[in-house]
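Have the sequence and the model open side by side. The paragraphs below go through contacts between side chains and then turn to one helix.

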Amino acid sequence: MEHRALEVGQSLDQNDQAQNKLQRSSFLHATFNSVSAILGISFLTTPYALEQGGWLGLSILFAFSVICCYTAYVLGRCLTPNGSYNTIAEAAFGSRARLPFTLLVQFEMIAVLVGYTISMGDNLARLFPHATLRISALELGPSKVLLFIAFLVVLPTVWLRNLAWISYLSLFGIVTYMIITVTMIYAGAGLGIGFHHSVPHLRPENLLNIAGIYAYCFAAHCALPSVYTSLKNPSNYAKVLVLSFMISTMVYIGFAFLGGTMFGDYTLPQVSLNIPTHLVAAKLVLWMVVLLPFSKYSLCLAPIALDIESKFPWPNTSRSFVASTLLLRTGLLIFVFLLAMVFPYFETMVAFIGSASGMLVAVTLPSLFYLRIYRNVMPKWEAGVNYAILAVGTAVGMAGTIASIINFVHRIRS
């Protein structure tokens, strides 16, 4: 999901060299990029979602996998050469649609970063549980103290305007997930934790909350149009999607099974926090989870900053432009960290993002765009399928968003 920011940033930057590289993408390269786009921080939450929803709740994960694969395909049908999610919105609803859909994508990027920041704070606090700070009558816990230090470390990275180095982040992300998975298997099989806990068949009272988490798992649709335009042979796009969503679904289910059977009812929203910290494997997993967000801030904030900076009245080389750029990017990062401190509830934030923006971007809007653009030539059965997706996405998205907000209120009051 976070990889979408790179694609949006590339479209904003209009880097011709990057575009030439994209045009040489093979089937395997495109599949690699698609899997990288789909896998995100929700990877850590799937064991918790499995435990909360039960085995039958995985049917929601399967359903979203199929629906999101189809809606990604119809986005490809709506694309023009070098197009993006925003250009599809403009083709469907006119030039006035560009601004609101740009704001929607930017909101999702900010929300993704808030989720990563919460995760980073939780895992740092696990590594350094005694890092507290007392200022007069005010005492700051480990999570807030360590997030302030992390902010100072991350800040210089968001000042960079050159996005070329970001192209290596896809590989880093996938390698990180592989290391976490292998370490979890080793902790379960070789360090005595075992895989003996049971998972309930179904917990219907939690299905709305886990629907948002499972929707978040596949909400990579802002990046997938770039995968389509990068292919040497665009006719392979459907095959790339099917293979990518199959791989991602198997990874999510496998990791959910791994964490769920290791910890059962004790499974935390981030399963990395479950491993006993005296184990070396636990420290490795925690540090990998901490390092992953460090590579995402410039990735997600750059498109937002570039869009705003393009409206500055000063030349790019002027002192006023440089100073304004530094202030803007610093302010955006401060905003993200403040939100993470005000709403430090990881699983609720993931469910909210999945229900509020993920459902909209990945389920509802693609079918709406497709219906608008092809309404005069679309077979009735296909129109019926897209109207059904539209109805399901709207209903589940609204219900899940309301449930997430209610959970936020309960967590704040408790």
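Which side chains meet in a salt bridge at 3.4 Å, N to O? They are those of D265 and R203. The two residues come from distant parts of the chain, 62 residues apart: D265 is in the loop between α12 (237-263) and α13 (280-294), and R203 is in the loop between α9 (169-190) and α10. This is a predicted model, and side-chain atom pairs in it count only at pLDDT 80 or more. D265 is exposed, at 55% relative accessible area, which is over the 50% cut-off for that class. R203 has a relative accessible area of 23% and is partly exposed.

A search of the whole structure gives 4 salt bridges. In another of them, the side chains of E309 and R329 meet at 2.8 Å, N to O. Here too the pair links distant parts of the chain, with E309 in helix α14 (residues 297-309) and R329 in helix α15 (residues 319-342), 20 residues apart.

R98 is partly exposed, at 34% relative accessible area, and E90 is partly exposed, at 26%.

The structure holds 19 aromatic pairs. One of them is formed by W55 and F257, whose ring centres lie 6.0 Å apart with the planes at 40 degrees, so the pair is tilted. Because W55 lies in the loop between α4 (46-53) and α5 (58-78) while F257 lies in helix α12, the pair ties together parts that are 202 residues apart in sequence. W55 is partly exposed at 31% relative accessibility, and F257 is partly exposed at 44%.

A second pair, F343 and F408, has its ring centres 5.5 Å apart and its planes at 65 degrees, so this pair is edge-to-face. F343 is in the loop between α15 and α16 (346-374) and F408 is in helix α17 (residues 380-413), so parts 65 residues apart in sequence are tied together. F343 is partly exposed, with 28% relative accessibility, whereas F408 is buried, with a relative accessible area of 9%.

Other rings are joined into a group: ring pairs link Y85, F93, F101 and F369 into a cluster. A ring can also face a charge, and the charged end of R77 sits over the ring of Y374, 5.1 Å from its centre.

The last stop is helix α10. Why is helix α10 (residues 207-217) largely enclosed by the rest of the structure? The reason is that 8 of its 11 residues are buried. The buried residues of α10 are I210, A211, G212, I213, Y214, A215, Y216 and C217. The loop between α9 and α10 is where R203 was placed, and that residue is partly exposed.

Conventions. Residues are numbered from 1 along each chain as its sequence is written. This is a predicted model: local features need pLDDT of at least 70, side-chain atom pairs count only at pLDDT 80 or more; totals for chains, interfaces and linings use all residues. Side-chain values use heavy atoms; hydrogens and water are left out. Buried means under 20% relative accessible area, exposed over 50%, partly exposed in between (1.4 Å probe, protein chains only). Helices (H or I, at least four residues) and strands (E, at least two) are DSSP runs, numbered from the N terminus. Rings of Phe, Tyr and Trp (its six-membered ring) pair if their centres lie within 6.5 Å; planes under 30 degrees apart count as stacked, over 60 as edge-to-face and the rest as tilted. A charge sits over a ring if NZ of Lys or CZ of Arg is within 6 Å of the ring centre and within 35 degrees of the ring normal.
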